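Let's take a friendly walk through a protein model. Have the sequence and the 3D view open as you read.

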Amino acid sequence: MTIVVIVVGLVAWVGVRAWLARAELEAAIPLASAMQRQVIAGESEAARRTGEDLTARAASAAELTSDPVWQAFEAIPALGPNLTVVRQLAAVVDKLAENGIGPLSEAAGRISVDDFRPVDGVIDVQPLIDAQPAVSQALSAIRAAQTQVAAIDSDGTIEQVAHAVGRLGNAVDSAEPALDVVDKAVRTVPTMLGANGPRNYLVLFQNPAELRSSGGIMGAVALVHTENGTIQLTQQASGASFPRHPESVLELPTDTRNLYGSITGQYMLNVGLTPSFPLSAALAREMWQLQYGLEVDGVLSIDPVALGYVLAATGPIALPSGDSLTTDNAVSLLLTDVYQRFEEPKEQDEFFASAAAAVFSSVAGGGADPVALISALAKAGAEHRVLVWSAAEAEQAVLADTTLAGGLPASDADTQRFGLYLNDATGAKMDTYLDVSTSVGQVTCRNDKRPNFAVEVTLTNTAPLDAATTLPKYVTGGTQVGVSPGNVKTIVSAYSSPETQNLGVTQDGDAAPYLPATDDGYQVSALTVELAPGQSTKLRFNWLGAAPLDGDLELQMTPVIHRNETKKLDMTC
């Protein structure tokens, strides 16, 4: 009888502790997401308290599942594997809380998002510097947790336990990219803001009314000086004011010359012809040095759509022209109205420059809500509307695998990525009226399971039917490059990863003549289309994959003004 009582007591002991541990884990895991939201929202003290709560719950769960009785019960068939997995889960969460969340929550408690609001043009970079060790430690803890969760064997466990493994795995997998971005930011932003010495940056304002692969022609260019957190706009110039050099200012890769021509490196307005922003930036940097004698430390790029996002954080801004620039009218004012109002390109450039300077002054002067500004820049960065290149190799290495780098789309074991880039061939500003919709898909029809991939793009000229007579000549281009006024002529270049095989292009269902090429090993298909007002065409680019893919498809493309979200393309054999 005594033995029975002991056994029942032990079972009850383990059962109660299992119930308590489960409750602690279920409460702890969501706290990580809550803390992330609080940090982003600037609720630093709340984030600190949430981190402390998470750490305490994780420690409790680990303690509840690590006593000798629990471990002895892990040897029982059927029951044991469940107990083992629960113990492993508790240990992962405990270590993550101790080594990652704890230090991060302490750092969050000392930093407010308002600390990063410029005051009289100065950002205090010390909080970022102080946060570097905690963020680095937290990132290491997250990555260790990913490895540990992936090693947990939940086969043979009950549904609730297996679900808990998946839930924790999803939590750490989703947290890692966000924390990686923060780690990159705290390591690079202080230096870029002149914490270790003065810096000079070239800012390119891309105009997508006349498309280039990276976004648009470089309509305006500015020089920004940073030093000890101070940010100053020190010089502005129009892209058209730079001379046309007789040959490229830097040696161009052979592929770039073949696809986009030597003009890519001869004229500031054309440095964005290549989809490789690091190359565009290096060319722009050299052109500025040749023109003004200053070799800048890096190059940034932004477009009017991104400026519109930023205006959501600053609120309306008064321009010298008397206009009020807002998040709602930025695109129309800067990409449509300006051409109706000013006939001379010089006046248009001055208007662009004044708008850019006004937005910069508002942000640098602390006129933007920090949380809204971070959200705006994150959205613009995800859409490739903000690009950054650093001449410092160490900094560029940090930027290289982010959306800010503007590199060619890199595929991996889980995701096949494609590129779609558009260059204006109208010689004018008609791309305001170009509508773009895209889709990507795959189908496996071969015995060797190699998939067929396709990228489909529909281009539509939405200009009014009487565009030739109602739109300004500067917008339509007249007939200066042989394009009928009102038409939109576009060079479309589609990129697939080096290991794929090019299977050609169709236009509106029929085989289309195209230029097969390579760019840094990527398989490229390029062709030119011209659309009259109201006309639309559908292009499909086809490739054969090298191996079966059980993953996602993604499309990286020129950030045009009007674009629908990329959809799934249904394909059949």
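## Before we start

This is a predicted model, where local features need pLDDT of at least 70, side-chain atom pairs count only at pLDDT 80 or more, and totals for chains, interfaces and linings use all residues. Residues are numbered from 1 along each chain as its sequence is written, and side-chain values use heavy atoms, with hydrogens and water left out.

Find Ser 362 in helix 11, residues 345-364. (Helices are DSSP runs of H or I with at least four residues, strands are runs of E with at least two, and both are numbered from the N terminus.) With a relative accessible area of 17%, Ser 362 is buried. Buried means under 20% relative accessible area, exposed means over 50%, and partly exposed is in between, using a 1.4 Å probe and protein chains only.

What does Ser 362 touch, not counting residues up to four places away in sequence? Its contacts are Thr 314, Ile 317, Gly 367 and Ala 368, where contact means heavy atoms within 4.5 Å. Thr 314 is 48 residues away along the chain, yet the two C-alpha atoms are separated by 6.9 Å.

## The buried side of helix 10

Helix 10 (residues 330-341) has these buried residues: Ala 330, Leu 333, Leu 334, Leu 335, Val 338 and Tyr 339. They cover an arc of only 165 degrees around the axis, so they sit on the same side of helix 10. The arc is that of the directions from the helix axis to the C-beta atoms. An α-helix has 3.6 residues a turn, so residues three or four places apart point the same way.

The buried residues of helix 10 pack against several elements, including strand 1 (199-207), helix 9 (304-314) and helix 11.

## Salt bridges

A salt bridge here is a side-chain nitrogen of Lys or Arg within 4 Å of a carboxyl oxygen of Asp or Glu. By this rule the count comes to 18. One of them pairs Glu 176 with Arg 143, at 2.9 Å from N to O. Because Glu 176 lies in helix 6 (residues 159-192) and Arg 143 in helix 5 (residues 126-150), the pair ties together parts 33 residues apart in sequence. Glu 176 is buried at 15% relative accessibility, while Arg 143 is partly exposed at 38%.

Lys 184 and Asp 401 also form a salt bridge, at 3.6 Å from N to O. This pair links distant parts of the chain, 217 residues apart. Lys 184 is buried at 11%, whereas Asp 401 is exposed at 60%. Arg 143, Glu 176, Asp 180, Lys 184 and Asp 401 are linked in a network of salt bridges.
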